[in-house]
Every structure is written in C-alpha cells, then in structure tokens.
Amino acid sequence: MKWAVLIAIVFISQATAQICCSPHQFQTVISTDDYVEASNTKVMTKIQIKLSYDYTNKRIRVDENPAGLKTTVITDFITHKTYIITNGQCITAAINAPFNPTCIPGNATFGGVLQLGGPGGIIANLYQYSTADNSVQTDFIISENCIPILEVAKVSLTSPITGTTFATLAYGNTTLGIRDPSIFDIPSSCSQQASLTLPKAKGLFLQKPCQQLVKQMEA
C-alpha cells in the first residue's frame, strides 16, 4: 500500500555561531499550511501536528491524524532509526542525519521587534534567513527566549524532482519539558531491522513535520 509519512527533517546550520537556540525539551501543536508546485501539479494541504521535541535525549515524536489516518513518527537519533506507525502498522527506517540543536543561524538578518496581540501582548523577534544558494528562504518569529511562534518558508527543490514548497507553521499551546517520557517507547509491532533508508533533505528552523510519500509498499 502507499504510506503517507511524516518525516522529521533536521536543519543543519553551517554558521559557526547561533543567535539563539530553542529549549532542549518542549511540546507544541503546529498548524501547517503547505502549497507545493511540482511537475505541473499544484497541491495545498492543511495539517495539525503535535510535536514532542527532546534534544537532551536526541529524539522527537510527531503525531497527526489526517482524514482519520492516525500516524505517529518516533525518531531516535542515537540508534539512527525512525519508526512510522500508521493505524497500528509499523515501518522501521534508517536515518543518516545528525540531530543538531534547532537554532537561528548566526548569519540570519534581524527584522525587528514585534508586539503580537496589541498592548500587553507577546513580545517577539523577527529573523530572516536564506541558504547560500537561496534554495531555502525562511522568516522566523520567535519569543524572547527563542520559542518558535511562526515560521514562513520557501523551499526550492531540484532533486529528485523539481518543485517549490511554500510553508507556514504556526506554533501554539507550547509547554516546556516532556510531560510523559513514555511517549517515546517503541511499540512492540516495530522491528529493529530497518526496511528502508530515508534520504537526507533540507529542513527548517525546527524539525519540520513534512508529508512525503516514501515508497510504494505492499502490506
């Protein structure tokens, strides 16, 4: 069957210094709007995702439920494996990317201080960042202690297909720490032997949950 999978992608900053980094452990709900143009196809998707981010123990968990298809992705960067659980069925994939801290690169441009919600609202900072080849262009709005609030990005791809993705991520209900560490326990239905290897990819400020069709698989 075809598996629509959430893949956690790490932004690897080449800068020698960072402006700030997110808290090492937090949980948040991300509302995403993605617009993709590729191979004469235009697709708009809206997804709400729960992200549990644990840099201390080098792992993340992403949960979503599009059209009743409950999907959980647990990535362990110590064992270099990702477990993709969809409606009780599990795929184990190998990953090669390291788990770098999620930081605003030192060469990002400061765009100013914003007050969200009017008087008494949240004080936030705006930063703008582009890769050297301009394949990733991103605006970040973060709180004073570097908690993400809003991310708007344009990602241009040339391989394996040519296309452009415009993504907006709004972060809400964010709490610090991991309330229940057992959420990272791997289900018994998951094999420890990887059946595929996920390719390296360009990512955004945080481990951006992205929908991808990994491969055609038979149940």
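A disulfide here is a pair of cysteine sulfur atoms within 2.5 Å. Welcome to a predicted model, in which local features need pLDDT of at least 70, side-chain atom pairs count only at pLDDT 80 or more, and totals for chains, interfaces and linings use all residues. Residues are numbered from 1 along each chain as its sequence is written, and side-chain values use heavy atoms, with hydrogens and water left out.

By the sulfur rule, the count comes to 3 disulfides:

| Disulfide | S to S distance | Torsion about S-S |
|---|---|---|
| Cys-20 and Cys-146 | 2.0 Å | 70 degrees, right-handed |
| Cys-21 and Cys-103 | 1.9 Å | about 95 degrees, right-handed |
| Cys-90 and Cys-190 | 2.0 Å | about 105 degrees, right-handed |

With the bonded cysteines numbered in sequence order, the pairing reads 1-5, 2-4, 3-6. Cys-146 is buried at 2% relative accessibility (buried means under 20% relative accessible area, exposed over 50%, partly exposed in between, with a 1.4 Å probe and protein chains only).

Now to the rings. The structure holds 6 aromatic pairs, meaning rings of Phe, Tyr and Trp (its six-membered ring) with centres within 6.5 Å; planes under 30 degrees apart count as stacked, over 60 as edge-to-face and the rest as tilted. Phe-26 and Tyr-53 have ring centres 5.0 Å apart and planes at 35 degrees, so they form a tilted pair. Both residues are buried. Ring pairs join Phe-26, Tyr-53, Tyr-55, Phe-77 and Phe-99 into a cluster.
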